Amino acid sequence: KKMKCMSNKRGKLTDKVLGTESDVRQLASAIAQIQAQVSEQRSLLQTRLKVLCRLNAPTVLSILFSSANSVELDRNVKALKKITDRDYKLIKNYEANLVRLKTKRAALKIKVEMLLGLQKQLLKQEDMLTNEQNSKAKLLAKLKTAREKTLSKMQKIKSKAEFNPVYESSFFEKKGQLNA
């Protein structure tokens with residue numbers, strides 16, 4: 001019963017280890033995807049910033065005030081708003097992805113630590129099971145040697161004694177020797 005219980009515990013631990021390994025793989029995959037997005041967004045932001053610096057463009061106010069009429073002013077304002085909205089969204093997405101990446105990395109660290117703990121528990125459980133099996137094997141070997149000693153003593157007594165029905169071979173001595 002004890003070995004069966006230990007074996008069941010080992011099975012449950014193995015299931016937990018496999019589930020945690022699966023979680024770790026999923027988190028690692030999600031982290032890789034987020035890192036790819038962050039890298040892409042970072043390069044896009046770098047390119048955007050380089051372009052803005054190279055243009056050496058006039059200030060926003062000079063663009064707005066250089067408009068010839070109100071229609072051109074509205075068009076310039078709308079264009080600047082679209083550009084700034086796009087840049088703002090890009091920066092916000094970049095920041096959100098950085099936060100997600102940090103969260104996923106923290107979750108991965110926790111899962112890896114849990115996985116290591118479960119693996120240690122599994123090794124302990126397997127060691128306990130192996131020790132228990134070894135002790136059972138030693139006990140069985142002791143019992144077999146004790147049985148052999150007892151049988152040899154009985155044989156010696158039989159050989160020294162005169163014919164007596166009490167000394168005839170017993171049932172357990174003949175165990176496993178049935179003629180077919």
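**Buried, exposed and bridged**

Mentor: Asn 97 is part of helix α3. The model is a predicted one.

Trainee: What does Asn 97 touch, leaving out residues up to four places away in sequence?

Mentor: Asn 97 touches Ile 34, Gln 37, Val 38 and Gln 41. A contact requires heavy atoms within 4.5 Å.

Trainee: What share of the protein counts as buried?

Mentor: Of its 180 residues, 15% are counted as buried. The accessible surface comes to about 14,800 Å², and carbon and sulfur atoms hold 60% of that surface.

Trainee: How many helices and strands does the protein have?

Mentor: There are three helices and zero strands. Along the sequence the pattern reads α-α-α.

Trainee: What makes Lys 12 buried or exposed?

Mentor: Lys 12 sits in helix α1, which covers residues 2-55. Its relative accessible area is 59%. Exposed means over 50%, therefore Lys 12 is exposed.

Trainee: Which residue is 110 residues apart from Lys 12 along the chain, with a C-alpha separation of 9.3 Å?

Mentor: That residue is Leu 122.

Trainee: Why are Asp 85 and Lys 81 separated by about one helical turn?

Mentor: They are separated by about one helical turn because they lie four residues apart in helix α3. As for cover, Asp 85 has a relative accessible area of 35%, which means partly exposed, since that label applies between 20% and 50%.

Trainee: What makes Lys 92 and Glu 95 a salt bridge?

Mentor: Their N to O distance is 3.4 Å, and the limit is 4 Å; therefore the two side chains meet in a salt bridge. Lys 92 and Glu 95 are three residues apart in helix α3, so about one helical turn separates them. Lys 92, at 39%, is partly exposed, and Glu 95, at 38%, is partly exposed.

Trainee: Which residue forms a salt bridge with Lys 136?

Mentor: Glu 132 does, with the closest N and O atoms 3.7 Å apart. Being four residues apart in helix α3, Lys 136 and Glu 132 are separated by about one helical turn.

Trainee: How many salt bridges does a search of the whole structure find?

Mentor: The search finds five, among them the one between Lys 136 and Glu 132.

Trainee: Which residues form a positive surface patch?

Mentor: Lys 149, Lys 153, Lys 156 and Lys 160 form it. Lys 153 belongs to helix α3, residues 70-160. With 56% relative accessibility, Lys 153 counts as exposed, because exposed means over 50%.

Notes: Residues are numbered from 1 along each chain as its sequence is written. This is a predicted model: local features need pLDDT of at least 70, side-chain atom pairs count only at pLDDT 80 or more; totals for chains, interfaces and linings use all residues. Side-chain values use heavy atoms; hydrogens and water are left out. Patches are made of residues with over 30% relative accessible area and no salt bridge: like charges are joined within 9 Å, nonpolar side chains (Val, Leu, Ile, Met, Phe, Trp, Tyr) within 5 Å. Accessible areas come from the Shrake-Rupley method with a 1.4 Å probe; for residues, only the protein chains shown count as cover. Lys and Arg count as positive and Asp and Glu as negative; His and the chain ends are not counted. The place of a charge is taken as NZ of Lys, CZ of Arg, CG of Asp or CD of Glu. Helices (H or I, at least four residues) and strands (E, at least two) are DSSP runs, numbered from the N terminus. Buried means under 20% relative accessible area, exposed over 50%, partly exposed in between (1.4 Å probe, protein chains only).
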